[in-house]
Amino acid sequence: MKFEPVIGLEIHAQLKTKTKIFCACSTAFGAPPNTHICPVCLGMPGVLPVLNKKVVEYTMRMALATGCDIEEVSRFARKNYFYPDLPKGYQISQYELPIARKGQVDVEVNGKTHQIGITRIHMEEDAGKLSHDPGRPVSRVDFNRTGVPLIEIVSEPDIRSPEAAGAYLRQLRAIVRYLRICDGNLEEGSFRCDANVSIRPAGSETFGTRTEIKNLNSFKHVEKALQYEISRQKEILTDGVAVTQETRLWDPEKHRTQSMRSKEEAHDYRYFPDPDLLPLVIDTGWIENVRRELPELPAEKKKRFMAEYSLPSYDAEILTSDRELATYFEDCLQELAQPKLVSNWIMGSLLGLLNAAGKSIDQTPISAADLAQLLKLVDDGTISGKIAKTVFDEMAQSGKSARRIVEEKGLVQISDSSAIENIVSTVMGANPAEVQAYRNGKTKLLGFFVGQVMKATHGKANPKLVNEILRKQLETQ
Ligand SMILES: [Zn+2]
């Protein structure tokens, strides 16, 4: 029997506000434990939460960027459960009345566009963090994260493959980063994902029993965990057994999911409206203000890059995956209107350099103007593309400008025909057997001669001229 996977993702994104969602404590990451706390986020008796307006604004940005309807009235509820990292004994979250619903994001997988619905986006507070001492019966709790604002983005079960799940996750991460509301760091946990997955006979309309996978802290893990879970469920169903509804944990070391606990239901949490917080009312004027200030989003930018700069989809996708990278590309074009040349150098040399150093584009050692200056030298024939790579590496190391490196090292390309003709004659004179072989039809030897001329000129000869002159001299006896 052919099975079809049905996948839905729940994404938690930590908002980059300066202060927590219901108090004035700092949200800064990495402070000593229990230094960013106050009676409100510790849930002391008698304190009152006050909603942070920025949290609402950031959530509205995300809602509008994903085509959601923003509700005029939404409400916070208490989600009751006990855990040592939750001092109040409940988490404040939105339940029956979330701030936004019914959005949609389009993702592309292997050239095909998939529409993935967004059920809802709601606001909530994060819990604290427990750390356990290995080998000792000691656990520590840090409440710095307690009350840090999160949004939860719940997708419809519209995803049909692990690849599409990965593409959707990447797309949402790009959007939160474009909106500057979340740093999108999966490893540090500021962008987290749980996946619901079930399988059903292909063509069926009803859903199978689903499992929820947690602990997916990288794009790679999401796709791998889903692949594993889909094949695990296929085996179970093929054996005629039923899938158990449960929460499973992805083990990246063992490459498998493991049962964590039976799936809890919403009613287990005894949700009720938080009596300390008024219903949230948002007027249309505010919504329109936020909408007006939205930046150009990755999908629109990608389309524009393809139309305006005639870039292939692949280039446009990479260049627009990060807002700062897209800006860098367009800054280069201000200096040199050669989109494909610039794109090749950014995707190849620049991203190669940054990835190797574990740096992001805002930490680049070579500014857009400096890269453009280097490429101008290639474009006007002053240096060859090959020499340009050497100059690029030197720029990254020394911080010197391309022009200065070319001057200091005497790397200017030899584009003087008579100079090249002389070198070609010398090379031919030194290799009479190869010349004869070429003339007897072994034209593949052209590459050998090009190599010899380049060697003699330390790579500085204009390759186009070298080819032309070599052909001419080899073919005239
Ligand atoms: Zn606080």
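These exercises, each with a worked solution, work through a predicted model.

Residues are numbered from 1 along each chain as its sequence is written, and side-chain values use heavy atoms, without hydrogens or water. Because the model is predicted, local features need pLDDT of at least 70 and side-chain atom pairs count only at pLDDT 80 or more, while totals for chains, interfaces and linings use all residues.

**Exercise 1. The zinc site**

Find which residues coordinate the zinc ion, and determine the geometry of the site.

Step 1. Collect the donors, meaning N, O and S atoms within 2.8 Å of the metal (3.2 Å for Na, K and Ca); water is not among the atoms, so sites may look incomplete. The SG atoms of Cys 23, Cys 25, Cys 38 and Cys 41 coordinate the zinc ion at 2.3 to 2.4 Å.

Step 2. Check the angles. Among the 4 donor atoms they span 100 to 114 degrees, and the site is tetrahedral.

Step 3. Read the spacing in sequence: C-x1-C-x12-C-x2-C. Cys 23 and Cys 41 are 18 residues apart, both in the loop between strand E1 (3-14) and helix H1 (53-65). Helices (H or I, at least four residues) and strands (E, at least two) are DSSP runs, numbered from the N terminus.

Step 4. Buried means under 20% relative accessible area, exposed over 50%, partly exposed in between (1.4 Å probe, protein chains only). Cys 23 is buried because its relative accessibility is 13%. Cys 41, at 4%, is also buried.

**Exercise 2. Strand E4 and its partners**

State which strands pair with E4, and in what sense.

Step 1. Apply the criterion: two strands pair if DSSP finds at least two bridges between them.

Step 2. Take E5 (residues 90-94). It runs antiparallel to E4, with 5 bridges. Phe 76 stands opposite Gln 94.

Step 3. Take E15 (residues 272-273). It pairs with E4 over 2 bridges, again antiparallel. Here Ala 77 faces Pro 273.

Step 4. In E4 (residues 76-80), 4 of 5 residues are buried.

**Exercise 3. Pro 84**

Locate Pro 84, and decide how accessible Pro 84 is.

Step 1. Pro 84 lies in the loop between E4 and E5.

Step 2. Its relative accessible area is 44%, so Pro 84 is partly exposed.

Step 3. Leave aside neighbours within four places in sequence. Pro 84 then contacts Leu 130, Val 141 and Phe 143. Contact means heavy atoms within 4.5 Å.

Terms used:
Tetrahedral: all angles 85-135°; square planar, octahedral: opposite > 155°, others 65-115°.
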